[in-house]
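Biologist: Can you put the model up? I have some things to ask about it.

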Amino acid sequence: MNKYQVLVVEDDIMISNLMSATLEMTGYAYRTATNGKEAIMSVLSYKPDIMLLDLGLPDMSGIEIIRKVREWSSMPIIVVSARTDIEDKVEALDAGADDYLTKPFSVDELLARIRVALRRAGSITGERTAEDSVYSNGTLRIDYAAGCVFVEEEEVHLTPMEYKILCLLARNTGKVLSYNYILKEIWGGVNESDMASLRVYVTLLRRKIESTEEHLIQTHVGIGYRMLSHQE
Ligand code: CA
């Protein structure tokens, strides 16, 4: 069996042990690092499939590690931090983190985030097939080739802007996209008036694609949006 390799970067031994025990029980292979230098060395030598990263490390900040690793690797990085400041989360996401969890976290939540991140990474690096031209998540289906969106097999009519935003979120399912990232991708730059428009578009999109039972676009207040995965 091909076990996924997880790198745990955490200087708090209690938390590191909790994560390691959880990973071990769930069948993941793992390695731990307690500072930034060790983390970078491990990324190079161990070549993990995913990294769980604390932001407050003794020798360098987790943000620096994300920036360094992103110079050559697109492996999923989940920030696990006690910092609750919105600025820290946004900075981590803009630096290239895929997701963040705030301590204290639930072990189930951690495992769910790992599964989603690994699946996302697999679908990006895996071979592209004809199937990739159709996106399916819960009751939502996007036919990229035809540019059509369906909810429970009923076609939904979206404006070009709504469609663009939906595709961006869908292509990054499971990943938190910061407002800045979305604005840059859709409008080509970051400015206040577009931010207001983005909120309106997302509200309209939700009305068209979500039902009371199925929540698809998650808001991270002050941070951004995430397309939830309904493939658990
Ligand atoms: Ca720490």
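Predicted model: local features only at pLDDT ≥ 70, side-chain atom pairs only at ≥ 80, totals over all residues.

Biologist: Which residues coordinate the calcium ion?

Modeller: Asp11 and Asp54 each give an OD atom and Gly56 gives its O, at 2.2 to 2.4 Å. Along the chain, the spacing of these donors reads D-x42-D-x1-G.

Biologist: Where do the two Asp residues, Asp11 and Asp54, sit?

Modeller: Both are in loops, in distant parts of the chain, 43 residues apart. Asp11 lies between strand S1 (5–9) and helix H1 (13–26), and Asp54 lies between strand S3 (50–53) and helix H3 (62–70).

Biologist: Is Asp54 buried or exposed?

Modeller: Asp54 is buried, with a relative accessible area of 5%. Asp11 is partly exposed, at 33% relative accessibility.

Biologist: On to the sheet. What is the strand order?

Modeller: The order is S2-S1-S3-S4-S5, an open sheet of five strands with parallel pairing. Strand S2 (29–33) and strand S5 (99–102) have a single partner strand each, so one side of each has no neighbour in the sheet. From one strand to the next, the twist averages 20°.

Biologist: How many bridges join S1 to S2?

Modeller: Five, and the two strands run parallel. As for who faces whom, Leu7 is opposite Arg31 in S2.

Biologist: Change of topic: helix H8. What span should H8 have, and what are its ends doing?

Modeller: H8 covers residues 192–209, which is 18 residues. At 1.5 Å a residue the helix should span 26 Å, and the end C-alpha atoms are 26 Å apart, so the two agree.

Biologist: Which residues of H8 are buried?

Modeller: The buried ones are Asp194, Met195, Leu198, Val202, Leu205 and Ile209. Down the axis of H8 they fall within an arc of 100°, so they line one face of the helix.

Biologist: What do the buried residues of H8 pack against?

Modeller: Strands and helices: strand S7 (140–143), strand S8 (148–151), strand S11 (217–220) and strand S12 (224–227), plus helix H6 (160–171) and helix H7 (179–187).

Biologist: Which exposed residues are on the face of H8 turned away from its buried side?

Modeller: Glu192 and Arg207 are the exposed residues carried there.

Key
Residues numbered from 1 in each chain as written. Heavy atoms only, no water. Donors = N, O, S within 2.8 Å, 3.2 Å for Na, K, Ca; no water. Helix = DSSP H or I, 4+ residues; strand = E, 2+ residues; numbered from the N terminus. Buried < 20%, exposed > 50% of the residue type's maximum accessible area, 1.4 Å probe, protein only. Pairing = 2+ DSSP bridges. Axes fitted to C-alpha atoms, helices over the stretch in contact; angles between N-to-C directions. Expected span 1.5 Å × (residues − 1). Arc of directions from axis to C-beta. Contact = heavy atoms within 4.5 Å.
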